[in-house]
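Subject: Structure for you to look at

Hello,

Here is the structure I promised to pass on. Please open it alongside this email. My notes follow below.

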Amino acid sequence: GDGTNGDFFYWGWSVLPWEQRQGSDFCSRWGGGEHYTFGVTELIRLCEATRTEAILIVNYGMGILKAYYDLEAAGDKRTKKEIAVQQAANWVEFMNAAAPARKDPAYPDAYRPQYSLQKLPEGYFSWLRASLGFPKPVGVTYWGIGNELYIFHGQGKTVSQMLGEKPQEL
């Protein structure tokens, strides 16, 4: 995602086969909902084809939208901030870590998008990338953390307010 859309992008949903990718009726400032027609695997292929490097924005500002993951229904007691941080760490592993030679028995049998929000055994996300046809690390060097976290977004609150934090002086 770019700009504001970077705060609504859930990479774990975008690695599913295209026909299984979930749309969202959350409206961005550009109107309409979101659908991952261009996801992480397409980005990797584009970078390989053009011999370029991606610059990625990790979702931080919005934490997680209920349309994608309902914390209450899942019995998840973490804060949106904790989920955002875990999702970012998992994405860095997916993109940059060397994949294990074989599947660890501790890894889940089948991938589910909400795994991208959870702490799983080390190497799982790099193994997932390799299982999707990308055995070598992508090597993303530049990562942005959210988009314009200092301003009001969508719900009339600052990111700090949405995450339940007290404002801090810069």
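Start with Phe94, which sits in helix α4, residues 80-96. Bear in mind that this is a predicted model. Phe94 is buried, and its relative accessible area is 0%.

What does Phe94 touch, leaving aside residues up to four places away in sequence? The list is Trp11, Val15, Val40, Ile44, Phe125, Ser126, Leu128, Arg129 and Leu132.

Next, the salt bridges. The count comes to two.

One pairs Asp76 with Arg78. The closest N and O atoms there are 2.7 Å apart. Asp76 is buried because its relative accessible area, 16%, falls under the 20% cut-off. Arg78 is partly exposed, at 24%.

The other pairs Lys103 with Asp109. Here the closest N and O atoms are 3.6 Å apart. That pair still counts because the limit is 4 Å. Is Asp109 buried or exposed? Asp109 is exposed, with a relative accessible area of 75%. Lys103 is partly exposed, at 31%.

Best wishes

Technical notes
Residues numbered from 1 in each chain as written. Predicted model: local features only at pLDDT ≥ 70, side-chain atom pairs only at ≥ 80, totals over all residues. Heavy atoms only, no water. Salt bridge = Lys/Arg side-chain N within 4 Å of Asp/Glu carboxyl O. Buried < 20%, exposed > 50% of the residue type's maximum accessible area, 1.4 Å probe, protein only. Helix = DSSP H or I, 4+ residues; strand = E, 2+ residues; numbered from the N terminus. Contact = heavy atoms within 4.5 Å.
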